[in-house]
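Hi everyone, thanks for coming. Let me put the structure up, and then we'll walk through it together.

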Amino acid sequence: MRYFSTRDVRQEWPTTLDTALGAGLATDGGLYVPESLPTLHVADFRHCHDLPEVAQTLLAAFFLGSSLAPMLGEICRESLDLPMPLVALKREGSKGLAPEERTQTWLLELFHGPTAAFKDFAARFLAACLSRLRSPDDPIRTVLVATSGDTGSAVAAAFHKRPGFRVVILYPNGRVSARQAHQLGAFGDNIHAFCVDGSFDDCQRMAKHALADRRIARRHHLTSANSISLGRLLPQMAYYAYASLVLARRATAGATTPSLVIPTGNLGNALAAILVREIGLPIGQVHLATNANATLSEFFAGAPYRGRPSTATLANAMDVGDPSNFERLSWFFRHRDLRSSGIFAHRVEDARIAERIAEAIDRYWQVLCPHTACALDVAERLIVAGESGELLLVATAHPAKFDAVVEPLIGKTVPVPPALAAILQRPAHAEALAATDHALVMRLEQGFDV
Ligand SMILES: *Cc1c(COP(=O)(O)O)cnc(C)c1O
């Protein structure tokens with residue numbers, strides 16, 4: 001399989017998967033995309049029993065010709081072997097089913113990895129690939145990530161103590177939850193956390209600037225691991241394929257294909273679901289649930305695309321005003337109308353997020369994180385509007401990461417999952433950094449002891 005940049009419209013500069021995985025962004029500033037998508041059917045997966053096996057079958061075509069192809073099975077087993085429960089959402093006291101109860105709603109919990117957010121799947125897969133692409137005598141590579149909270153810790157956990165790698169994390173001071181901040185600073189060793197006196201947009205701009213600074217990029221062998229990295233997009237497709245196969249196997253004759261509701265920020269997670277549908281697996285409509293950041297909901301309602309600075313909300317990991325994967329989504333739909341392709345976007349204000357968290361505990365016996373609450377709000381709206389098929393909502397983070405938002409709303413403490421508790425018990429340290437491109441370059445010039 002050959003890969004191209006989204007900006008290489010005439011497809012003159014093909015590259016390999018190995019290069020695309022290591023580079024993050026293409027040299028012309030575009031995003032890497034595969035030249036084509038394979039076509040697969042439910043029957044192609046009949047011998048698959050778990051997520052790593054589904055991932056191997058799904059991703060084989062993308063790894064054709066890569067030096068990693070013979071290791072794909074091992075990479076999937078090592079990185080994707082995380083629990084991923086599919087929970088049926090049942091309404092309390094719904095014995096005599098009201099019309100709106102005919103919709104079966106599922107919650108796909110993707111937060112049972114080491115850092116309690118869905119980003120663990122992709123970060124671990126990327127780390128497993130990059131480690132295997134490295135030769136023992138290669139210099140140390142520095143993975144530079146700007147994070148709105150969850151990417152940084154997932155990447156840190158995936159690369160912690162991995163020989164040949166160092167991670168530099170930039171996070172916005174005061175814009176991540178206290179537990180997220182602690183988690184980011186608690187790894188130590190080859191992980192360096194920087195608390196930037198600015199917004200996530202500043203962090204992202206600083207990281208881009210450093211990556212584009214030839215001298216610094218060469219000295220540190222910089223790479224990135226943000227949500228535009230192809231090595232994160234590919235593994236995210238696996239859990240959607242798996243969930244659609246589980247539901248297809250359960251489905252009775254005449255059942256409709258399930259629609260998805262996905263909490264969305266940079267559009268990485270949802271794009272993976274859309275691609276799985278393009279490949280041919282049974283997924284119906286894809287609903288993007290965003291917070292108050294309105295770029296996507298306005299676009300899908302008919303307005304021209306307009307990126308803008310992000311607004312801070314309760315669902316902070318989705319505080320994105322210019323979703324970086326929009327360019328990739330547009331590329332895949334370059335010959336079709338994106339707005340009539342079964343993709344919808346809905347905005348959820350903070351007040352609604354709070355309301356949904358508060359009522360989900362009584363109505364569904366579920367404690368939701370603020371991002372997952374956006375998906376629930378969209379699902380409830382769809383049901384009221386007459387949606388009658390199956391709905392699959394994606395739960396992107398464990399609510400214990402957002403205890404300061406969630407606990408006052410539900411009036412009780414949220415038990416902390418063991419992996420998260422273990423990280424929170426360690427001491428944490430982050431270096432303060434001014435929100436300028438120069439400050440980061442200066443700091444990188446000083447170098448690191450480990
Ligand atoms: C990153 C994140 C999202 C948004 O995912 P995108 O791929 O950026 O759209 C949603 N919820 C949580 C908890 C996240 O960490």
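So, how many residues of domain 1 are in contact with residues of domain 2? It's 25 residues of domain 1 touching 25 residues of domain 2, where contact means heavy atoms within 4.5 Å. Before going on: this is a predicted model, so local features need pLDDT of at least 70 and side-chain atom pairs count only at pLDDT 80 or more, while totals for chains, interfaces and linings use all residues. Residues are numbered from 1 along each chain as its sequence is written, and side-chain values use heavy atoms, with hydrogens and water left out.

Now the domains. Domain 1 is 83-112 + 232-415, and domain 2 is 117-226 + 416-450; those bounds come from an automatic or database domain assignment. Their C-alpha centres are 27 Å apart.

And where's the ligand? Both domains give residues to the shell around the ligand, so it lies between them. That shell has 14 residues, and the closest include K119, D150 and T396; to count, a residue needs a heavy atom within 4 Å of the ligand. By type, we get 5 nonpolar, 7 polar and 2 charged. Here Ala, Val, Leu, Ile, Met, Phe, Trp, Tyr, Cys and Pro are nonpolar, Asp, Glu, Lys and Arg are charged, and the others, Gly among them, are polar.

Taken alone, the ligand exposes 380 Å², and the protein buries 97% of that, with areas from the Shrake-Rupley method and a 1.4 Å probe.
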